[in-house]
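Student: I would like a close look at one part of this model, the place where its chains meet. Please start there and then follow the parts around it.

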Amino acid sequence: MPSKPQFGLGLRKPHYQEFLAGGVPVDFIEVISENFMVAGGRPREILRRVRRDYPVALHGVSMSVGSADGLRDDYLARLRALVDEIEPFILSDHLCWARFGAHNSHDLLPLPYIAEALDVVCANVARAQDVLGRRMLIENPSSYVGFAHDEMSEWEFLAQLVARTGCGLLLDVNNIHVSAVNHGFSSVDYLAAIPFDAVEQIHLAGHRQGAQGLIDTHDQSVSDPVWALLRVALEHAPQAAVMIERDDNIPPLPELLAELGRARAIAMEAALCA
Amino acid sequence: MRLSTLQSSFLGWLASGEESDAACLPLRRAEGLAVYQNNYRANLMACLAETFPQTLAWLGDEAFYAAAATHIDRVPPHSWTLDDYADGFPASLQEAFGDDHEVSELSLIELALSHAFVAEDAPVLRPEQMAGLDWDAVCLQAIPALSILMLSTNAADLWAALAEGETPPAAQECAPLHAVLVWRREGLCRLRVLEEGEAALLALLLSGPLEFGQLCEQAISRWGEEQGVLSIGQWLSRWVCDGLIIAPVE
């Protein structure tokens, strides 16, 4: 049996009552940190109550570890307060930038994979881990543009980030697929270069075909190529916590639990073949 | 290109949406930029539509989304949380619908409700605790999830009708200004119109802890001893029943 929670779902509004009632067969839930970094009220109360029954992973979207002008103190202080109260078993954010100066995009914007950006991200992740008092996981993004002055691949960038900061990785296999199709690289090459010792969590999600390529929409069920990548990832990181992200077109909970059941089955297959 | 220059230019292009502003970005696969432009505007638009559902219902889709698009073009988001992007929209609505004051006032009500929803928790004074208080020494303070709006129209009636799915009354100017109380009680946000005197005294509690004796002095100076004491007794009783007062520390 795994020693830590392994199969979870995102806590989303349409399913609040079912999770509050307890008994949903998941090992953990993941929440978007920023939705609960508020002073009080119903959101915090719901998270407190759900936390009594489930381990929680806090997943951020606004830390902006790629910002050239550093992290914001007020953001870190609010996140630290939430971490202290909820005591998550996983704390994560994305390899991206969202803000520079006073302007915040509220999106996961792409970084150029250059030495200067690596220095910036390493400094920001190290500071965040220091302020938050714990190791963070950094998630590979999906991206729709690349930069002409890139000096390394995304997987090389991530491997160096892990080596320099001691952070862990949240491997989003849907993001790998989306970016691989959009940029024309091999998902297999990507996975072969990942330092799997650092992978503590795996995200699954759905995507859509857009006019400009694949788009990471989180509004579909998980696609077959992504299930195949999960199998490969679990062969290398069998203890990683696996969860399904669904943020739009959210189906009834049993449908998501059935998808999570497929992830469990793939994990068992991977374990038998290991 | 330095990372800081790239990020500044990228955000400049996101805000303007002008193709020429993206020309300086050293991109591969530039066609993917459209995804980021769409995400940026869609996120901000969704924030405004979710925070101001009754303002949207009052204005209709076309007028609301046109005003929102203008606001997004002019006001980039600054906060770490998307929720804060709603804060500046009432001012933009006031500018866009200057003669129709109910529009911006409706949005002010919805903004106050959204702030009350996530305001700091506080233990409230319960009616059964009142008898045990030392009224000569007790300090009273309003809960954090409370605000008072001064309105010049019947926007509170409009909001109430729209929120119930009823046909709203016609918009009306209601001079002089009147006060509307917005607060959260047991997780639900509420509002009600305040009498002028009640609003004045409650506003005193919003500015910080106040001894009960000082509150009585204010009431007596306004309405005389008999009416002042009667009024403060009635209003304080209602405030406690409504969960507006923080339980004093023993």
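**The contact between chains**

Tutor: Opposite Gly146(A) stands Arg28(B), which belongs to S1(B). This is a predicted model, in which local features need pLDDT of at least 70 and side-chain atom pairs count only at pLDDT 80 or more, while totals for chains, interfaces and linings use all residues. Residues are numbered from 1 along each chain as its sequence is written, and chains are lettered from A and ligands numbered from 1 in the order in which they are written.

The strand S8(A) pairs with strand S1 (residues 27-28) of chain B, in the antiparallel sense and over two bridges. Strands pair if DSSP finds at least two bridges between them; helices (H or I, at least four residues) and strands (E, at least two) are DSSP runs, numbered from the N terminus.

The whole contact draws 40 residues from chain A and 37 residues from chain B. On the side of chain A that touches chain B, two or more residues each come from helix H2 (42-53), helix H3 (73-86), helix H4 (115-132) and helix H6 (173-183) of chain A, and from strand S5 (97-100), strand S6 (103-109), strand S8 (146-147) and strand S12 (213-215) of chain A. On that side S6(A) gives the most, with six residues.

One residue of helix H4 of chain A is Ala117(A). Leaving out residues up to four places away in sequence, Ala117(A) touches Gly66(A), Leu111(A) and Pro112(A), and also Leu3(B) from the other chain. Touching here means that the C-beta atoms, placed from the backbone, lie within 7 Å. Ala117(A) is buried, because 23 other C-beta atoms lie within 10 Å; the cut-offs are 20 or more for buried, 12 or fewer for exposed, and partly exposed in between. Asp150(A) is 33 residues from Ala117(A) along the chain, and their C-alpha atoms are separated by 10.0 Å.

Elsewhere in chain A, strand S10 (residues 199-204) is mostly covered, with six of its six residues buried. S10(A) pairs in the parallel sense with strand S9 (residues 168-172) of chain A, over four bridges. In this pairing Leu169(A) has Val199(A) as its bridge partner in S10(A). S10(A) also pairs in the parallel sense with strand S13 (residues 241-244) of chain A, again through four bridges, and there Gln201(A) stands opposite Ala241(A) in S13(A).

Chain B, the partner across the contact, contains an open sheet of three strands in the order S3-S4-S5, with antiparallel pairing. Strand S3 (146-153) and strand S5 (188-194) of chain B are its edges; each has a single partner strand, so one side of each is left without a neighbour in the sheet. Between S3(B) and strand S4 (residues 173-185) of chain B there are seven bridges, and the two run antiparallel. Within this pair, Ile148(B) stands opposite Leu181(B) in S4(B).

Two helices accompany this sheet. Helix H7 (residues 101-117) of chain B lies across S3, S4 and S5 of chain B. Helix H9 (residues 196-206) of chain B packs on the sheet as well, touching S3, S4 and S5 of chain B.

Methods: Axes fitted to C-alpha atoms, helices over the stretch in contact; angles between N-to-C directions.
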